[in-house]
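Reader: I have a model open and want to learn how to read its features. Please take me through a few.

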Amino acid sequence: MTSADEEVKETKEVKEIEETVENASNNSSDDNFDLGEPHLLNDSPEEPSTTTSSLPTTTTPDAWNPRHNFTADSPYFKSFCDHEIQSLSLLTDAMREITTRTKTLCQTGTLMGEATRRLASSCRLRWDEEQSREDGLTPEEIDQLVAARRKAVGGEMAELLEHLGKALDEVAFYQIAMLQSIESTLGMSFEAFAASELKTVSILKSDADEATEGAELQFGKYLNGKNNFSESFGEKAAGKTAAGERLGKAFKNWNLGRGGHDATTSNPGDSRIEKAMEASNLVSSLEQVRVLQGMAELRRFQLMKHLISIKHRRNFEVAENAISTLHEISNYHGRCKTAVDSLSPSIKEIQERQNKLRDEHASTIVPTWQGRETALRDAVHSIRVKAADASKAAAAIADGDAKEVERQLLKVDDIEEQVQLWNLPHALAATSRYQRDTMPGVKIEGWLYKKNTSLMALQAWQRRWFVMDNDAIYYFSADGDDRPYRRKGAYSSRVKVCDVVLCTVRELPAEGQGSRFCFQLVTPSEKPLTLQAPGPIDYKIWVDGIRSAMEHRLYHGDPNAPHLNQNLGRKPINSANTRDPSFSELPPTEVREVSDTSSEMESTHLGPPQNTSPLVEKIMKLNPTCADCGMASPDWASLNLGILVCIECSGVHRSLGIHVSRVRSLKLDSISLAEGSVICLLGNDKVNPIWEEGLAAQTGWQKPTENADRKGREAWIKSKYQWKGFLQYEGCQGLTDEEKVEKYSKALYDAAKECDLVAAAGALARGGSPDWTNPDEGGRTALHACALVPVPEGDEEWHAIEMAEFLLQNGGKLDAHDSSAHGVLDCALLNGASIEMVEFLTTKGTTKSYN
């Protein structure tokens, strides 16, 4: 090959290299440019050599070929490094964005977890602590609030919300744990990766570029024989020492001798030693150049190694963190599912109960309400019709209609009786049939108007709810407390007016057309309190009731009791030494439950539902006439007296109070088997001889008929049951009241042991107490005695359950006990009572009583 051909070939190769370098520079970030992945010369690693140099000593292509070395200073290496650093920058940006979003997620997720915990606390009906501190509530008040919430929500809903609150608590706990794990794996790990790797690569690239540039600079100077090579070399490699000066001089002399440009100036007389010295210095200098080249190669290798290491580590380090996050998310949902699955049995049970309640509501309660509403609408319609008729009559009288003038009543009492003004509330209450049991110990309660004695008062009369118990008379006063758990204006304060034993009732005559039905309570050292009843029925109930209670306290009470005439006008102080609960010991805000008297009635009629069970038919067949007036087909029962009365007499019985007569409708109310059995065993024919045994000895009395008016019925029924005026007491001459009670209480106890309901009814009517304890039989009551009556063998009838029901209806207590007797249920369990009796007492509850 000629020299010209060699020059052309060399020129062509140079152009190809320049084009390759230019393309590598322009397309270093192009994805289509194949950089050629670096790889090791040998696939199997070898042990490092222990010689002083591991570099090849020959220049054969198989031993050392720079074109195959990726870490050599070449456009391929630079393009690869630029591409990988750019990829690392993008990876770093992605990691930082993930880290930022992770922190945002954890912050908002933590807030959500706290919100879930607060929701769980609310579902569990707990009170917010921050709000409690702001409102200044004490722990006792908070406990009251929680109890009030649970009572307001109801047992079924409170149980369901408790399950929901527990599930939300667990979800919140697992959620916060998951967020903490995500923050650790994605947030902290990715943030560390993004912060350290790019910085490390930048430092390694800077070191590699600096080393490559320094090595290339020194090598180029040697190739070009620059005169300042020694000075520059001496500054960087020799540090401006004497050896550096000699090295520069040696380079200069060597170059002159090699190039022959200044051969004439050389000293032909130099000795062999000087030439050897110069050659030795040149070798040393060239080795220093090789050191720089080796360091540049090392820095480029370190950069390459780190870049490739990042590519490998991102595949498992970043992936491990992502997989750990996925596992934590999976665990979170698995734990939530486990928490919900653990509630499945309870949820299923509650759902079944709710479905049953829904069906009951749709099939029974709603039709019952519709029937009652229809009855009330009919009653209101009839009142409107009568009001329209009255308007027409008034117009006719104004036009001079003589017939209407003759028919018009002129007395106010007759007019009020004609329109049934005072009976309307009771009639409407009987139609709605929603009732509230009287609080224990309460004798009379209801609305009265209290006359304001202050001259500056804007209203002359104030409407207040008055209550009389065994000891005193109170009224509820509106409370102005506006705390969050109390409604402003609620009647939560009870004010004592007077003691029953110290007060006197003074009836006030009607003031012309002014105030009617007024009476005064006169007490020592206090101004008389003027009260007005909302009608004649309530007027007589209060006046007669206060007088009766006063007489009873005079006979049975302690007139010198220390509490008398104390705390007047203030809320009473509860007594901790009284054994039996009374109204004065109960919280003033206690709400009595409303009872539906006909929750199980059939409802196929448009009017009020009718109870047509065989038991009701049997009761009505055994008692064909009213016990008090003789009206046919009575359908109202007095459960504690064991008799049937008509609807007219039932209104009077209801006005006496449930402590005298507990009235229920056989057709409109639900009567239990035990209650119906009591009426069957007693009835009008057996009870009337007891209550009317002494009627013949009374003069001026005649039993009312079915056509009797309200006043006649009221006088007879009150004298018969409330005042007990027609009873016959035998063998009681010379006995005190306490001895009479002792006698008939003993008779009641003996009747309970024999399950003789008629004898028990006679003993109760004459003053026997169901709470009397028999000292001869371990302090047991009559209810204890009948509970322990064994079931007879054979065909003999067993009426222990009916006797127990009769005693409960008349004030017997299941928890009655003294120092030597247990509660009735406990006593029955300990002494081998029958299974039927234990089940009956259990359904009544361990503390239920009828006062």
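Author: Eleven aromatic pairs are counted here. The rule takes rings of Phe, Tyr and Trp (its six-membered ring) whose centres lie within 6.5 Å; planes under 30 degrees apart are stacked, over 60 edge-to-face, and the rest tilted. Phe 519 lies in strand β7 and Tyr 539 in helix α13 (residues 536-556), so the pair ties together parts 20 residues apart in sequence. Helices (H or I, at least four residues) and strands (E, at least two) are DSSP runs, numbered from the N terminus.

Author: A word on the source. This is a predicted model: local features need pLDDT of at least 70, side-chain atom pairs count only at pLDDT 80 or more, and totals for chains, interfaces and linings use all residues. Residues are numbered from 1 along each chain as its sequence is written, and side-chain values use heavy atoms, leaving out hydrogens and water.

Reader: Are Phe 519 and Tyr 539 buried or exposed?

Author: Buried means under 20% relative accessible area, exposed over 50%, partly exposed in between (1.4 Å probe, protein chains only). Both Phe 519 and Tyr 539 are buried. Ring pairs also link them with Phe 517 into a cluster.

Reader: Why is strand β7 largely enclosed?

Author: Strand β7 (residues 518-522) has four of its five residues buried, so the rest of the structure largely encloses it.

Reader: Which strands pair with β7?

Author: Two strands pair if DSSP finds at least two bridges between them. Strand β6 (residues 504-508) runs antiparallel to β7, joined by five bridges. Glu 507 has Phe 519 as its bridge partner in β7. Strand β8 (residues 529-532) also pairs with β7 in the antiparallel sense, over four bridges. There, Leu 521 stands opposite Leu 529 of β8. β7 and β8 form a hairpin with six residues between them. In the turn, Ser 525 has a positive phi of about 60°.

Reader: Where does a charge sit over a ring?

Author: The test is NZ of Lys or CZ of Arg within 6 Å of the ring centre and within 35 degrees of the ring normal. Arg 463 lies over the face of Trp 447, at 3.8 Å from the ring centre. Arg 494 lies over the face of Tyr 474, at 5.5 Å.

Reader: Where is His 659 found?

Author: His 659 is in the loop between α15 (647-656) and β12 (663-665). His 659 is partly exposed, with a relative accessible area of 38%. Its C-alpha atom is separated by 8.1 Å from that of Gly 811, 152 residues apart along the chain.
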